[in-house]
Amino acid sequence: MKFNCELKRVVDDSYDIEIGRKLQDTLVSDLKGGLVGKIKKFAVVTDSIVVDLYGRDIYERLNAAGLKAELFVIPEGEKSKTRQMKEFVEDSMLEKGFRRDCCVVAVGGGVVTDLAGFVAGTFGRGVPFVNYATTLLAAADASVGGKTAVDTPLATNLIGLFNQPKKVYLDIDTWKTLPEEQLSSGLAETIKHGCLGDKELFEYLEKNVEKVLECDGEACEYIAKKNCEVKYKVVMKDERESGLREVLNLGHTVGRAIETVSDYRLYHGEAVAIGMVAQARLGEKLGFISHENEQRVERLLERAKLPTKIPDYIDRKALVKKLYTDKKVRDGKLRFVFQKEIGEMMCFGENQYGKEISEEQIAEIITEM
């Protein structure tokens with residue numbers, strides 16, 4: 001006997017991204033005004049650095065507005081993006097009496113937005129969340145597109161779910177409190193967006209990258225908007241990474257592996273920068289990018305004060321082995337996405353953006369670097 005359980009549904013996961021300065025009052029006003037319905041209970045998730053800069057302030061503003069908020073603080077850094085830390089946040093929320101009638105407010109960079117979005121997706125079988133992004137990296141990458149995940153000792157971002165926020169706030173003023181290496185780290189994802197989908201953005205960075213590092217208002221607003229546009233164009237066409245969305249992994253195959261093998265001594269963007277050089281150099285050998293354009297990519301990364309060579313302390317054999325934990329691997333075969341010159345991506349068939357690469361091909365590049 002067979003029973004068909006027909007559960008077709010149409011879901012509108014649209015949301016606004018607000019780009020501006022000092023958006024704390026806007027956030028509180030939106031939440032009080034019904035952005036997440038009648039919810040009055042808010043879990044503010046932040047990290048040990050951001051808590052004193054913005055996290056506690058937002059928590060206090062929510063309470064002052066007559067809403068009920070609690071503060072949950074995780075240690076800063078990629079090492080907090082784990083199942084254990086997710087468990088800690090969930091258990092802490094349960095202890096404070098949080099149930100299904102709550103909303104998660106993520107205040108921080110990519111680690112916080114990734115973890116808090118994943119918590120929101122499973123807590124009470126799913127509660128709403130908003131992102132208040134405080135880093136250029138989160139503005140460029142983590143807070144747009146709804147990917148939430150944690151890392152494991154074997155691989156990064158393989159345990160998670162697609163979960164769209166109710167709204168994203170990109171507060172450009174917060175970038176002024178970032179150390180320079182974190183601004184550079186965020187620039188890596190911005191340069192990646194120029195390489196894969198926006199030649200105009202790439203050329204703008206070639207002229208103005210130093211201005212971004214100086215937190216020039218006009219330059220920061222321009223790249224914040226451009227990052228959203230590039231990522232939106234890709235995510236809108238392929239929300240769940242069935243094909244096109246793989247292009248956002250440009251530079252990440254080698255980058256993520258370096259990040260893990262270095263035991264997170266490198267910031268995410270620093271590792272991605274090295275990965276970008278690896279794909280560009282391999283792409284040049286395969287005829288996807290000219291030598292001149294490959295050099296432009298390397299020069300721009302260097303001007304953004306990002307590394308372009310693999311540090312000596314990284315074991316090259318361990319690095320090659322780690323590539324096999326990349327989420328683009330199919331049937332045990334390595335797959336890379338490649339930029340086509342500057343501003344476009346290589347396509348290898350209908351909705352096929354990954355190309356199978358032999359271990360020898362990438363090992364040769366890694367040895368050279």
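Colleague: Leaving aside neighbours within four places in sequence, which residues is Ala140 in contact with?

Modeller: Gly186, Glu189, Thr190, His193, Asn227 and Lys231. Contact here means heavy atoms within 4.5 Å. Before we go on: this is a predicted model, where local features need pLDDT of at least 70, side-chain atom pairs count only at pLDDT 80 or more, and totals for chains, interfaces and linings use all residues. Residues are numbered from 1 along each chain as its sequence is written, and side-chain values use heavy atoms, with hydrogens and water left out.

Colleague: Fine. Where does Ala140 sit, and why is Ala140 called buried?

Modeller: Ala140 is in helix H5, residues 136–142. Helices are DSSP runs of H or I with at least four residues, strands are E runs of at least two, and both are numbered from the N terminus. As for burial, the label means under 20% relative accessible area, exposed means over 50%, and partly exposed is in between, with a 1.4 Å probe and protein chains only. Ala140 has a relative accessible area of 1%, so it is buried.

Colleague: How far is Ala140 from Leu319 in sequence and in space?

Modeller: They are 179 residues apart in sequence, and their C-alpha atoms are 26 Å apart.

Colleague: Now the two asparagines. What makes Asn249 and Asn293 buried or exposed?

Modeller: Asn249 comes out at 5% relative accessible area, so it counts as buried. Asn293 has 12% relative accessibility, so it is buried too. Asn249 is in the loop between helix H8 (217–237) and helix H9 (252–261), whereas Asn293 is in helix H11. Not counting residues up to four places away in sequence, Asn249 touches Glu241, Lys327, Lys328 and Val337. With that exclusion, Asn293 touches Glu341 and Ile342.

Colleague: Since Glu341 has come up, what makes it buried, exposed or partly exposed?

Modeller: Glu341 has 30% relative accessibility, so it lands in the in-between class, partly exposed. Glu341 lies in the loop between strand E10 (339–340) and strand E11 (344–345). Its phi is near 50°, a positive value in a residue other than glycine.

Colleague: Lys22 next. What is its phi near, and how do you know whether Lys22 is buried or exposed?

Modeller: The phi of Lys22 is near 50°, positive in a residue that isn't glycine. Lys22 has a relative accessible area of 59%, which puts it in the exposed class. It sits in the loop between strand E1 (16–20) and helix H1 (24–32).

Colleague: And Arg125, why does it get its label?

Modeller: At 76% relative accessible area, Arg125 is exposed. It's in the loop between helix H4 (110–122) and strand E5 (129–133). Arg125 and Arg100 are 25 residues apart in sequence and 7.9 Å apart in space, C-alpha to C-alpha.

Colleague: What makes a group of residues a nonpolar core?

Modeller: The residues must be buried Ala, Val, Leu, Ile, Met, Phe, Trp, Tyr or Cys, joined through side-chain atoms within 4.5 Å. The largest such core has 75 residues, and those with the most contacts inside it are Trp175, Ile258 and Ile362. At least three of its residues come from each of domain 1 (16–176) and domain 2 (179–368). Apart from that core lies another, of 22 residues, including Phe72 and Phe118.

Methods: Domains from an automatic or database assignment.
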